[in-house]
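Visitor: I would like to learn how to read a structure like this one, feature by feature. Could you show me where to begin?

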Amino acid sequence: MRTVRTLSLLALVVVIAGVVSCKSNESSAAKPLDLPKELTLDLGSGVSMKLVLIPSGKFMMGSTKEEQEVARRGLQAQGFRGLTDSDVIDGGLQHEVTISTPFYMGVYEVTQEHYEAVIGKNPSDFKGAKNPVEMVSWDDAYRFCMQVSKKTGIKVRLPTEAQWEYACRAGSETKFNFGNTEGDLCKNGNYLDKSNTSDSFWKDKEHSDGFAKTAPVGSFTPNGFGLYDMHGNVWEYCSDWFADSYVKANNPDPVGPGSGKGRVLRGGGWESPLLYCQSASRITSDPSTFKGSDNIGFRLVVLAANTESPRQSSANAQGDKAARIVEVYEKLDLDLGRGVNMELVLIPAGKFTMGSSKAEQAKAGAEVKRITESAKSPEEIYAVRQEKPGQGGAT
Ligand SMILES: [Ca+2]
Ligand SMILES: [Ca+2]
């Protein structure tokens, strides 16, 4: 009996071990990327930047019809007339968007300390090592990303508008990531509140967040992903070109239209009223003419797949769906030394019809025929053919 019981127990142990083993395999199969929860970028000069993992997922992007109507009524009450949809905080109603690739996002807005460690100067109006950098253009933010990438070997960029809103909402579907109660914004972000000295009619005269200008980053409660100041402090540049309506066809991972008059900014700043600090709020600025404001800054993201060395990333790109989305910069600024730079622009992949068309060939043939027929002698034809290389310097 003892032997049978022992064997039974042994069999049971084997079965349990098998189950545990199976479960373990299933678990690793369902989770191809075993990602650390945080990423720290060493910016040099003893300064580092902390980013947190934002998991992939789906969310409803944009605002609800009701939110837009409330915003419209609020603006009308302030005396605004003839408002278009794009005046009312959001160019599109809520629609489902998928973020297929986990990414890391800066826990804080880029600070003046961060900026100075990388760029070597601090353009901000409201000085403070831990305050957000401001008075930077979109191009400055872009350049900062490239410099950090070069310094760390990790591809850093501005968030897409969709990544930004997804990260801001952190699973919430309300106007703000903490709910719908406007009076709670003063505990969750720095906006145009009672503390502000301006006499703007936009000002919330009932609540105080304690900051008249920018606040040191992380002064308020973080959202569900652990991100600070997604509402207010400074507006944040995104990588997308702005479109009045969202480009819905480009999903998952929308990146906005291919071109536009301005880039997207999100989240509102210390000088923005409540309405413009909502999760879905968006404005635009033209980087060719707009060089910055002390109400505008930015924060960084890193695609999870880009945290690996280039060799690992290339290997993973063969088989891992998440890693296949490899991001490239729209332009490169090469420092050649002695203050000389060379700018290169990205030529996107695509198809085209190479060579000349039948019509072009027929036209060229007709032209040759015309010259040949109008020539008085073979020498003249020869002279015509030799003339061009001689003039243009070609051989
Ligand atoms: Ca404030
Ligand atoms: Ca902000």
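**Reading burial, sheet and core**

Guide: We can begin with a single residue, bearing in mind that this is a predicted model. G74 has 16 C-beta neighbours inside 10 Å and therefore counts as partly exposed, since a residue is called buried at 20 or more such neighbours and exposed at 12 or fewer.

Visitor: Where is G74 found, and how far apart in space are G74 and L275?

Guide: G74 belongs to helix α2, which covers residues 65-77. Between G74 and L275 the C-alpha to C-alpha distance is 8.8 Å, although 201 residues separate them in sequence.

Visitor: How should I read burial for a whole helix, and why is helix α3 described as largely enclosed?

Guide: The general idea is that an α-helix has 3.6 residues a turn, so residues three or four places apart point the same way. In helix α3, residues 112-119, six of the eight residues are buried, and so the helix is largely enclosed by the rest of the structure. The buried ones are Q112, E113, H114, Y115, A117 and V118, and what covers them includes β1 (38-44), β2 (47-54) and α4 (138-152). Just after α3, G120 adopts a positive phi of about 90 degrees.

Visitor: What is the order of the strands in the open sheet, and which are the edge strands?

Guide: The four strands follow the order β1-β2-β5-β10, and their pairing is antiparallel. The edge strands, each of which pairs on one side only, are β1 and β10 (301-303), while the twist from one strand to the next averages 25 degrees. Strand β5 (residues 103-106) is joined to β10 by three bridges, and F103 has L303 as its bridge partner in β10.

Visitor: Which residues have the most contacts inside the largest nonpolar core?

Guide: In general, nonpolar side chains in soluble globular proteins tend to be buried together. Here the largest nonpolar core has 55 residues, and those with the most contacts inside it are L51, F103, Y104, M105, A141, C145 and V302. Helix α4 gives the most to this core, with six residues. If residues up to four places away in sequence are not counted, Y104 touches L39, L51, V52, L53, I54, V301, V302 and A304. Apart from this core lies another, of 14 residues, among them A71, F176, L274 and C277.

Note on methods
Residues numbered from 1 in each chain as written. Chains lettered and ligands numbered in written order. Predicted model: local features only at pLDDT ≥ 70, side-chain atom pairs only at ≥ 80, totals over all residues. Helix = DSSP H or I, 4+ residues; strand = E, 2+ residues; numbered from the N terminus. Contact = placed C-beta atoms within 7 Å. Pairing = 2+ DSSP bridges. Axes fitted to C-alpha atoms, helices over the stretch in contact; angles between N-to-C directions. Core = buried A, V, L, I, M, F, W, Y, C linked by C-beta atoms within 7 Å.
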